[in-house]
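Look at the structure first, then read on.

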Amino acid sequence: MANPRLRSLLWWRKWAKKDWAIAAVGFTIIIFALSFLFDSRADDLDLTAADDLVDLTLLQNAKDRGAFCLDGSLPGYHFQRGFGSGSRNWLLHIEGGGWCNTIASCLDRKTTPLGSSRYMQRQVPFAGLLSKNPSQNPDFFNWNKVKIRYCDGASLAGHPESELKNVTKLYFRGQFIWDAFMDELLSIGLSNAKQALLSGCSAGGLATLIHCDNFRDLMPKDANVKCLADAGFFLDEVLLKVCRRTVFQEWIHPRQCLFPQEIIKNIRTPLFIVNPVYDFWQIHHILVPDGSDVHGHWQKCRMNLQYCNPGQIEILHGFRSSLLNALSDFQKKEEGGMFINSCFIHCQTWVADTWHSHTSPKINNKTIAEAVGDWYFNRRVVKEVDCPYPCNPTCYNMEFA
């Protein structure tokens, strides 16, 4: 089965709040480049129908709380009211989009939708796990759904203590933004939720891990509350090296770096992890980063796995083994769920074709949507781990020019 080319744009406690905020800075470089990976065309993926466009709402309580985007504008979100049996159920999805890791990059970022609500689309499509179409989103289609726009540059974990006074006007207020979002959503119905799911993609997946238990604590005690992190699991050994060379090393200590593998050990709330073992971002920026392949031996392979030679495939399988080893303890958790496929892709939950369609990636004949639904509603134990590439013909695999 020929794999179609994907060109869609994939925007991408227990510590005290202050500890999380400071620690989060150490994760900066690992996430940074995500927002620049794809072009904005969506020729091959059916994101959603036109009638699923949802308006932007700005947080009116943000100013009083000091919760600002990088440029000082008000944060925003898109809200679609639930209906029928889903009217008291809530699904929140945190947008991804990398981090900014220098003053210059944060200044650049504040003139984009990832740093300012002034540049955000006034309407966005709701597809995949945000879709209201039962054929595309069978378990969550009629829930209240919120897309949280990401504009602090640090996975909703930034803190004013990180701001450089008298240098430039940048607001690192991610934690304040999270608190303001929760206040507003609780006031419009989230406080009465019977069921709730906090999700996020990439940098938004990291934000989901950071805020998962706090989200649970804000919900009614008898509510069924869980979290879903998509494509936000990065390997410890690489992140440690990054922490030691981060441009923020004067602000943090390496031991404060934020490792997903360590975070999930302390999360009390049931968690589901969706991650491809051949995550193209990790291959491009961790396994074979720019500048490391001086002779160009990996040039074709890192763009399209079909062009990898046997030696390179062996290395990729070793990378797969490292990820599975890092998840081995989590896999034993009774309440945890996993969908670890062998696709050359990044985020998969908010796109219709990779979440749930007749052409979606499957493991044991289950799509990601079916696996997540089975886990959330306790229909079965879900610990899906795919066989090594190229054994799964249902995969969507990226093909870069």
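## Disulfides in the model

A disulfide here is a pair of cysteine sulfur atoms within 2.5 Å. The model is predicted. A search of the whole structure finds seven disulfides. Three of them are described below, including the link of Cys201 and Cys347.

## Cys201 and Cys347

The sulfur atoms of Cys201 and Cys347 sit 1.8 Å apart, and the two residues form a disulfide. The link is right-handed, with 85° about the S-S bond. Cys201 lies in strand S6 (residues 195–201), and Cys347 lies in the loop between strand S9 (337–341) and helix H12 (352–355), so the pair ties together parts 146 residues apart in sequence. Cys201 and Cys347 are both buried.

## Cys69 and Cys151

Cys69 is joined to Cys151 by a disulfide, S to S 2.1 Å. This link is left-handed, at -75° about the S-S bond. Cys69 is in the loop between helix H3 (62–65) and strand S2 (76–80), while Cys151 is in the loop between strand S5 (144–148) and helix H5 (174–187), so the bond ties together parts that are 82 residues apart in sequence.

Cys69 is buried, with a relative accessible area of 0%. Cys151 is buried too, also with 0%.

## Cys343 and Cys395

Cys343 and Cys395 form a disulfide with sulfur atoms 2.1 Å apart. The torsion about their S-S bond is about -80°, so the link is left-handed. The pair connects distant parts of the chain, 52 residues apart. Cys343 sits in the loop between S9 and H12, and Cys395 in the segment after strand S12 (383–385). Both Cys343 and Cys395 are buried.

Technical notes. Residues numbered from 1 in each chain as written. Predicted model: local features only at pLDDT ≥ 70, side-chain atom pairs only at ≥ 80, totals over all residues. Heavy atoms only, no water. Helix = DSSP H or I, 4+ residues; strand = E, 2+ residues; numbered from the N terminus. Buried < 20%, exposed > 50% of the residue type's maximum accessible area, 1.4 Å probe, protein only.
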